[in-house]
Amino acid sequence: MQTWSLVSISVLLAVVVRWSVSLNSYSGAGKPPMFGDYEAQRHWQEVTYNLPLQQWYFNTTDNDLNYWGLDYPPLTAYHSWLCAYVAKLINPEWVELHRSRGFESPAHKLFMRATVLVTDVLIYIPAVVLYSFFLTGGSTKKRVSVLLSILLYPGLILIDYGHFQYNGVSLGFALWGILALGLSWDMLGSIAFSLALNYKQMELYHALPFFCYLLGKCVKAGLLGRGFMLLVRIAVAVLVTFALCWLPFLADPSQALQVVRRIFPVARGLFEDKVANTWCSLNTLIKIRSILTGDSQLYLSLALTLLAALPSSIRVLMKPTFWHFKLALVNSSLAFFLFSYQVHEKSILLAALPVCLLLNEFPFMSIWFLQASTFSMLPLFLKDGLLVPYTVTSVGYLFLTVYLLSTLDESSEEEIRFHGFWASSRKGMPCFPHYNPRLIIWVFYISIALMAVLSILSVALEPPTHLPDLFPVLVSTTAFLQFLGTFIHFNIVQFNEPSKKNQKKNK
């Protein structure tokens, strides 16, 4: 009884924080002609409700694709239609074709915020609760601490409730898939992840680990026997889920092809804005987009993404344990974020989800990464007028998680020892430096201080006229270095056997 009281309080706190953030500004508020992501979501509701399905992804007189054209898979479109149906019942002006463009009112803002909260309560939050209590080891206090730490992660809250998106839907479906696989419900896990992919194509960041983990389990069970039947069941589950999601578009191949073109817009270029990945950071020194053709950029990013993501995925294929699966999710999503084509700053949320799932095993490294991931989106938050929510949630989250998870205790030093990597390296190379975990903790302190200083400077100072993007570039480069360090760290962890403590937790 006491356990569920703690869970209820945690969920209530998460809902209150979400709603408090939603009371602030949002992307593009009062900024015509394009407004922002809030208007994009509203416009998709307008389009899906008023136009026949065959026109949703095509450029027509009633659907100008240059004005927030729909560019997500069918499940997002169906969700927009459902929201529009409810909006029409409340106030038809909210989704009136053409005339509702840029519509803003307190009542409509309340409605849109409520739609995000409803999806979180129905999809994302239940998955977090179940994961924290069924797949997290330790005492009840430790599980509640992990639950709170995941639910209060500022990055997702600020993007969905401040900037305004529905990332909790796709991440929620992905988490249901992870939860199901952790409980050996492989078909249900495959269906849940298929739904995530059909809501947002960026879930491809997680696709390789899902595929390799399930295939590895089938191979381990024997492809001439029980493993083959499992493979068939998984394949049927995935194909049926995709077929149902795409069914209205499959009658006409040109319809399906147009949806694919819209959700993979390679014409947009290697990167946009100041995203904390390899290409944007490297671009400060080498103007890649000027040196390489568009096709060359695409092929180079594809090659490096696969090169970075495949080792961890092959590892989970060879050793299909839930422990390796979780690490592969982190490594694959970071590989995609750091090296893939057309990455947005918000895509770091795809790496943040699996990192959240390692808060129990790696509290120190996980909290460090989660702080950096929120910081990496600072230019976006400032543009949307979210300075106060960003400051309050980031600072509050840091102190809360350090306290709840005892992040800086002596025990946390064991969690960052790379599980014998340094010892084995010194055996092979006596000149290899001694490892000092306290030094890593001091680097953490310096990192937090640097992020705080850059946050203050971004607000307090005007950049030089000849360097207008100085602070966004410094923010993205600082975050990139931390993401790269996290990527290297968790790859090292995955390719070294887990400690006895973690072996017990993750069999």
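Modeller: Buried means under 20% relative accessible area, and exposed means over 50%. This is a predicted model.

Colleague: Why is Arg42 called buried?

Modeller: Arg42 has a relative accessible area of 0%. The cut-off is under 20%, so Arg42 counts as buried.

Colleague: What makes Arg42 and Glu46 a salt bridge?

Modeller: Their side chains meet at 2.8 Å, N to O. The rule asks for a nitrogen of Arg or Lys within 4 Å of a carboxyl oxygen, so the pair qualifies. Both residues lie in helix α2, four residues apart, about one turn of the helix. Glu46 is buried as well, at 3%. Salt bridges with shared partners join Glu39, Arg42 and Glu46 into one network.

Colleague: What does Arg42 do with Glu39?

Modeller: Arg42 and Glu39 form a salt bridge at 2.9 Å, N to O. They are three residues apart in helix α2 (residues 37-50), and so about one helical turn separates them.

Colleague: Which parts of the chain does the pair Arg18 and Asp120 link?

Modeller: Arg18 and Asp120 form a salt bridge, with the closest N and O atoms 2.9 Å apart. Arg18 is in helix α1 and Asp120 in helix α4, 102 residues apart, so the pair links distant parts of the chain. Arg18 is buried at 1%, and Asp120 is buried at 2%.

Colleague: How do you know whether Leu244 is buried or exposed?

Modeller: Leu244 has a relative accessible area of 59%. Exposed means over 50%, so Leu244 is exposed. Leu244 lies in helix α10 (residues 226-250). Leu244 is one of the residues in a nonpolar surface patch with about 730 Å² of accessible area together.

Notes. Residues are numbered from 1 along each chain as its sequence is written. This is a predicted model: local features need pLDDT of at least 70, side-chain atom pairs count only at pLDDT 80 or more; totals for chains, interfaces and linings use all residues. Side-chain values use heavy atoms; hydrogens and water are left out. Patches are made of residues with over 30% relative accessible area and no salt bridge: like charges are joined within 9 Å, nonpolar side chains (Val, Leu, Ile, Met, Phe, Trp, Tyr) within 5 Å. Accessible areas come from the Shrake-Rupley method with a 1.4 Å probe; for residues, only the protein chains shown count as cover. Helices (H or I, at least four residues) and strands (E, at least two) are DSSP runs, numbered from the N terminus. Buried means under 20% relative accessible area, exposed over 50%, partly exposed in between (1.4 Å probe, protein chains only).
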